[in-house]
Amino acid sequence: MSVGEDGIYDIDASNIHSTVKMDKTATAKARSSRIIRISANPDIVVFLGRERDHVLIDSHYCSCTAFTISTGSGELKGCSHIGALEVAVREGLILDISSSISKGEMERIIWEVLTGEFTMTLRRILHKKHTTG
Ligand SMILES: [Zn+2]
């Protein structure tokens, strides 16, 4: 696996666990990010980032620019979020709210991430959970 300056790196799909384990960027990203599962089936998680949020679907699709560029090249590639998701799953760092939000809220969260930069709906839900326990 090689990491480019643009954050794109190749994923060896047959050996993803060991390659990701060696990737300090993915590990750091997993530990510093807030990764929220908003749907269990299909598996949809949201990365709450500092600059913008991203949606990841079934660990195969990411809404970030690096992923779009890498898939456009026709090779099996990914982005640092997909690597970080693997780490987060393994280390149990994902906050799962999929059973406590409505379908409408889930759809609004995805729409906000894909059309804007941040999902205010998800932040509002997390804030409410935090303040009410
Ligand atoms: Zn990404």
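1. Strand 3 and strand 4 form a hairpin, with five residues between them. Strands here are DSSP runs of E, at least two residues long, and helices are runs of H or I, at least four long, numbered from the N terminus. Strand 4 covers residues 54–57, and its pairing with strand 3 is antiparallel, over four bridges. Two strands pair if DSSP finds at least two bridges between them. I44 has I57 in strand 4 as its bridge partner.

2. A note on the model. It is predicted: local features need pLDDT of at least 70, side-chain atom pairs count only at pLDDT 80 or more, and totals for chains, interfaces and linings use all residues. Residues are numbered from 1 along each chain as its sequence is written.

3. Strand 2 (residues 34–39) also runs antiparallel to strand 3 (residues 44–48), joined by five bridges. This pair is a hairpin too, with four residues between the strands. R34 stands opposite L48 in strand 3.

4. Look next at helix 2, residues 24–32. A26, K29 and A30 are buried there (20 or more other C-beta atoms within 10 Å of a residue's own, placed from the backbone; exposed means 12 or fewer, partly exposed in between).

5. Last, L85. Leaving aside neighbours within four places in sequence, L85 is in contact with I35, V45, L56 and S59. Contact means C-beta atoms, placed from the backbone, within 7 Å.

Technical notes:
Two residues are in contact if their C-beta atoms, placed from the backbone, lie within 7 Å.
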